[in-house]
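These notebook entries record what I looked up in the structure shown below.

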Amino acid sequence: MLKRKYLIPLLTSLFAVILVLSACSGQSNQDSKQSEETTDAKDQPIAEKDGNSITIAVSSNLVSMDPHDTNDTLSGAVQSTMLEGLFGFDKDMNMIPVLAESYEASEDAKEFIFKLREGIKFHDGTPFNAEAVKVNIDRVSNPENRLKRYSMFENVETTEVVDEYTVKVTLKEPFGAMLNNFAHPAARMVSPKAIEEYGKDIAMHPVGTGAFKFVEWEHSDHLIVEKNTDYWQEGLPKVDRITIKPVPENGSRIAMLQTGEADFIYPVPTDQAELINGKDGIVVENRPSIVARYITMNTTKKPFDDVKVRQAINYAINNEAFLKVVYSGYGSDLDSIIPEGLQFYSKQTPYSYDPEKAKQLLAEAGYENGFETTIWGANNSDAIKAMEFIQQQLSLVGIKVNVVPMESGTLSDRIWSVQTAEDADVELYFGGWSSSTGDADWGIRPLLAGDSIPPKSYNVAYYQNEAADELIYAALQTADPEKRADAYAEVQKIIWEDAPWVFLGVEDTMAGMKNYLKGVYLLPDGAMNATQAEIVQ
Amino acid sequence: MFRFIVKRLFGIIPTLLIVSILVFLFVHMIPGDPARLVAGPDASYEDVELVRQDLGLDKPLVTQYFTYMSGLFQGDLGTSMKTKRPVFDEIADRFMPTFWLTIWSMVWAIIFGLLIGVISATKRNKWQDYTGMFTAVSGISLPSFWLGLMLIQLFSVQLGWFPTGGNDSWTSYILPSITLGAGVAAVIARFTRSSLMDILREDYIRTGRAKGLKENIVVWKHALKNAMIPVVTMTGLQFGFLLGGSIVVETVFSWPGLGRLLIDSVSYRDYPVIQAELLLFAFEFILINLIVDVLYGIMNPQIRY
């Protein structure tokens, strides 16, 4: 009896030690392999592939296939295989015509005339024409329909059919960024016949003009689309079927790519990218995104009401080290208030890493002994890593930061249930933003315009600047790109110097794929495009 | 016995009513605003308010509870806030995968658990006992996400025997059910061992041996049957837990089950789905407890209600 009493704990601890040791040795393998493999990822032999269908593993469940009622990037990305809009975005988030051939915008950005491409049919045979466009825009701009994307089109006053292939959209208020809204996934066209037939169930039966037709959607497991043989673009599509499968666990998604059960996966966690790149025929592709990472500073509260303090914090943080620590180096500088990938971006002079200057600015502001503050952020490991990094950097200039990670629902409650600026508890907030329309307006107005403060919108810095506000709204009064560019250049300069944020960086999009797969890529907003998917052996 | 079962079945109703109130309060009291989450990250304040009205979340909590309950009594579990599909469909889609995974995990866990437990008890303090208990302790101690990922690495990536996830064929049941059943098998083994060791000391066992019964008959027929009561209780509980769907195992193996639905709907504050799932789990537990009670009577005819 005595013997056994000791034996079991002994064996257990022995086993634990073995586990820890094996985990450690795995770790050191990782480190040594990291450096050598980046270079030869492209040189490895092409992996084997049977058949002409592909599987794409994604990180979360699909929500809806109704483009007008979708606000998650992933569902929108899956819709892009089946549905198309008048305009779209290319690989670098430049706007390109898709179902429209050309457009004309009035001087005051109130009237838009679209000339449509001729001879296109929806998957159910319904012709694509001006009437179909009208049905779609009327649908999404009607508040009665309770669609999530109503807000992007509530400004539409009327949509008129001019002739079979010409549509005229008139807005209630001038809105210079409207074309981008028409390029957004929310403005994709669904067959009018299907809308009538399925009603609300259209979310489960998408019928569009795209390269692939909807086959089935097992809500708990996968969605399948198949080749549209009548597709209007010559030579496309090149694969027979695409299966989209939500696989929430990072390790499992990677395993699927390793075994070939998946041909394309995203996102690839940055800390595992090096480990899989160049083995088993896997290539990891990282490209700059439009996801800006920043910390908002509550500009109505001491000590952040002083621009010197805000600039000091910007000088105190080593952005290069930030990207290395949090995103394993997969990222780039945020050198304006919007990322480089957005329209009308204009580069500013970066706040270099200079702790001495930071200390000096703090002293000038009367905080030579530093101060104590609190940072809020999400509770995922990236956000926690980021906040702890900030804590360490700011401690070097005498600022003590308390890190408070919160579950996302709780966090948004703490920030957005506050009704007035005086009641706001938030001091520092680690956040991120991706302007899904690709336009500067949606990258600036919700985050930094004076009347965008919570609970109305996302100005968590409670930043108020009349000069900037005037320019932000002036840029919407015209559709003339040059005038808009001038206004946004000025806005970016003003706000950059005012530094309501700590500008940290821009994440990369991370996709993993087998090396026989071509034509599938991630857009800078994190959406995937598989229209041109092709297997090259 | 029949009267007992009927009585217990009726007893489920008040229990479920109380559970429904608790679940409703609990779900609505978690911080987080479903309207904002449904409206999405770039929705305006007006949109969020519109969504709130649509979901009926602007009404007092009591009104919301009665609306929910009156729907429930008419067999309407509501509509998922996230997908706008009926909650019944969302759960029905995922019930069977979780159910079958539970069954397979339990089947192998019971077989191996009993086997290890009996061997350990009869070969007390011999190498068989140590090996058995070592395996059992490992089964309890290994975190299932770790075990799952290791099995995937070994059997899917390196050897290519089984798929990494999903439930497309019978082969895809093997790895997740091993992962899920490991802990259960270990618990059953330990319970069987200690319970059987006690029974083996009883007088009637000595009598059995004295009158020349074979050791196998003594152990497997006479001793094991009486040693089973605590084991059955434990197994029933474990069965109930597994039926709720394991969040970890279903996530690691991309299993389209109830556990993943639960974690998804909690992070989305999808009230109707969370409520329906929790009520379902409560119901399953009550039902399993009833079955366990009935099993007692079968195993030991002295137990009568």
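This is a predicted model: local features need pLDDT of at least 70, side-chain atom pairs count only at pLDDT 80 or more; totals for chains, interfaces and linings use all residues.

Residues are numbered from 1 along each chain as its sequence is written, chains are lettered from A and ligands numbered from 1 in the order in which they are written, and side-chain values use heavy atoms, without hydrogens and water.

I then looked up the secondary structure of chain A and found 16 helices and 23 strands (DSSP runs numbered from the N terminus: helices are H or I with at least four residues, strands E with at least two). Chain A is as compact as a globular protein of 537 residues, because its radius of gyration of 26 Å is close to the 24 Å of the globule rule (taken over C-alpha atoms; the rule is 2.2 Å times the number of residues to the power 0.38).

Next I turned to one residue. Met152(A) lies in helix α4, residues 150–153 of chain A, and is buried at a relative accessible area of 11%. Leaving out residues up to four places away in sequence, I found that Met152(A) touches Met178(A), Asn181(A), His184(A), Ala186(A) and Thr437(A) (contact means heavy atoms within 4.5 Å). Met152(A) and His184(A) are 32 residues apart in sequence, and their C-alpha atoms are 9.4 Å apart.

Technical notes: Buried means under 20% relative accessible area, exposed over 50%, partly exposed in between (1.4 Å probe, protein chains only).
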